[in-house]
Amino acid sequence: MAPEYAVEGIFSIKSDVFSFGVLVLEIVSGKKNRGFVHKEHSHNLLGHAWGLHNEGRSLELVAASLDESICSSEVIRSIHVGLLCVQPRPEDRPTMYSVILMFESDCDLPPPKFPGFFHKNTTTDTPTYGTNSNNELTLTTLNGR
């Protein structure tokens with residue numbers, strides 16, 4: 001789910017792009033973003049893919065079942081495009097038309113920014129969005145004419 005939709009309820013065509021990027025990373029890795037666990041850190045799948053990409057080790061994300069049947073340059077490009085799709089700001093994400101062109105061509109891709117909803121999957125970390133809640137309540141009273 002795109003950050004702008006989850007937090008503010010704003011939905012656009014760029015929300016679908018975010019979801020597509022998550023699916024690309026899930027397909028390549030063979031793992032779901034939700035509930036992703038790694039023995040070396042507590043990042044979610046997006047954070048794990050981001051870290052590997054920045055270290056030039058994107059191929060380590062590939063599911064073992066796909067390892068022998070892949071074209072490494074295409075998989076690296078797919079991961080890169082997936083990371084471009086999961087950027088937190090909708091205006092930074094490509095359109096689906098651009099995504100198709102990125103997959104079809106060999107042009108240079110812009111560097112992806114920090115992914116949206118990149119977090120650690122632990123309960124001991126302090127969330128970055130704050131710890132207070134307003135717990136607001138709205139009451140509506142119906143009055144006859």
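**Reading contacts, burial and packing**

Reader: Which residues does Asn33 touch, not counting residues up to four places away in sequence?
Author: With those set aside, Asn33 touches Val22, Glu26, Asn44, Leu45 and Leu46. Keep in mind that this is a predicted model.

Reader: Where does Asn33 lie?
Author: Asn33 belongs to the loop between helix H2, residues 13–29, and helix H3, residues 45–54. One of its contacts can be described at the level of atoms: the Asn33 side chain reaches the backbone nitrogen of Leu45 at 3.1 Å. A pair of N or O atoms has to be within 3.5 Å to count as a polar contact.

Reader: Is Asn33 buried or exposed?
Author: Burial is read from relative accessible area, where under 20% is buried and over 50% is exposed. Asn33 has a value of 17%, so this residue is buried.

Reader: How does Gly30 count on that scale?
Author: Gly30 also sits in the loop between H2 and H3. Its relative accessibility is 56%, and therefore Gly30 counts as exposed. There is a distance to note as well: 8.8 Å separates the C-alpha atoms of Gly30 and Leu61, which are 31 residues apart along the chain.

Reader: What about His53: buried or exposed?
Author: His53 is a residue of helix H3. Its relative accessible area is 18%, so His53 is buried. Leaving out neighbours within four places in sequence, His53 contacts Ser58, His80, Leu83 and Pro112. Between the C-alpha atoms of His53 and Leu83, 30 residues apart along the chain, the separation is 8.9 Å.

Reader: How are two packed helices described?
Author: The description uses the angle between their axes and the distance between the axes. Take H2 and H3: they pack at an angle of about 75°, and their axes are 10 Å apart. Angles of 65 to 115 degrees count as roughly perpendicular, and H2 and H3 are therefore roughly perpendicular to each other.

Reader: Which residues of H2 and H3 meet?
Author: From H2 there are Phe18, Val22, Leu25, Glu26 and Ser29, and these meet Leu45, Leu46 and Ala49 in H3. Sorted by class, this contact of H2 with H3 has six nonpolar residues, one polar and one charged. Val22, Glu26, Leu45 and Leu46 are also among the residues that Asn33 touches.

Reader: At what angle do H4 and H5 pack?
Author: Helix H4, residues 72–85, and helix H5, residues 96–104, pack at about 165°, with 10 Å between their axes. An angle over 145 degrees counts as roughly antiparallel, so H4 and H5 are roughly antiparallel to each other. The crossing in which H4 passes H5 is right-handed.

Reader: Which residues make the contact of H4 and H5?
Author: H4 contributes Arg77, Ser78, Val81, Leu84 and Cys85, while H5 contributes Val99, Met102 and Phe103. By class, the contact of H4 with H5 holds six nonpolar, one polar and one charged residue.

Reader: How many helices and strands does the chain have?
Author: There are five helices and zero strands; along the sequence, the pattern reads α-α-α-α-α.

Reader: What percentage of the 145 residues counts as buried?
Author: For the chain of 145 residues, the buried part is 33%. Contacts can be sorted by sequence separation too: of those in the chain between residues at least 6 apart in sequence, 67% join residues at least 24 apart.

How values were computed. Residues are numbered from 1 along each chain as its sequence is written. This is a predicted model: local features need pLDDT of at least 70, side-chain atom pairs count only at pLDDT 80 or more; totals for chains, interfaces and linings use all residues. Side-chain values use heavy atoms; hydrogens and water are left out. Helices (H or I, at least four residues) and strands (E, at least two) are DSSP runs, numbered from the N terminus. Buried means under 20% relative accessible area, exposed over 50%, partly exposed in between (1.4 Å probe, protein chains only). A polar contact is a pair of N or O atoms within 3.5 Å; within protein, one must be able to donate a hydrogen and the other to accept it, and residues adjacent in sequence count only if both atoms are side-chain atoms. Contact means heavy atoms within 4.5 Å. Axes are lines fitted to C-alpha atoms, for helices over the stretch in contact, and angles run from 0 to 180 degrees between N-to-C directions. Angles under 35 degrees count as roughly parallel, over 145 as roughly antiparallel, 65 to 115 as roughly perpendicular and the rest as oblique. A crossing is left-handed if the near helix is turned anticlockwise from the far one by less than a right angle, and right-handed if clockwise. Ala, Val, Leu, Ile, Met, Phe, Trp, Tyr, Cys and Pro count as nonpolar, Asp, Glu, Lys and Arg as charged, and the others, Gly among them, as polar.
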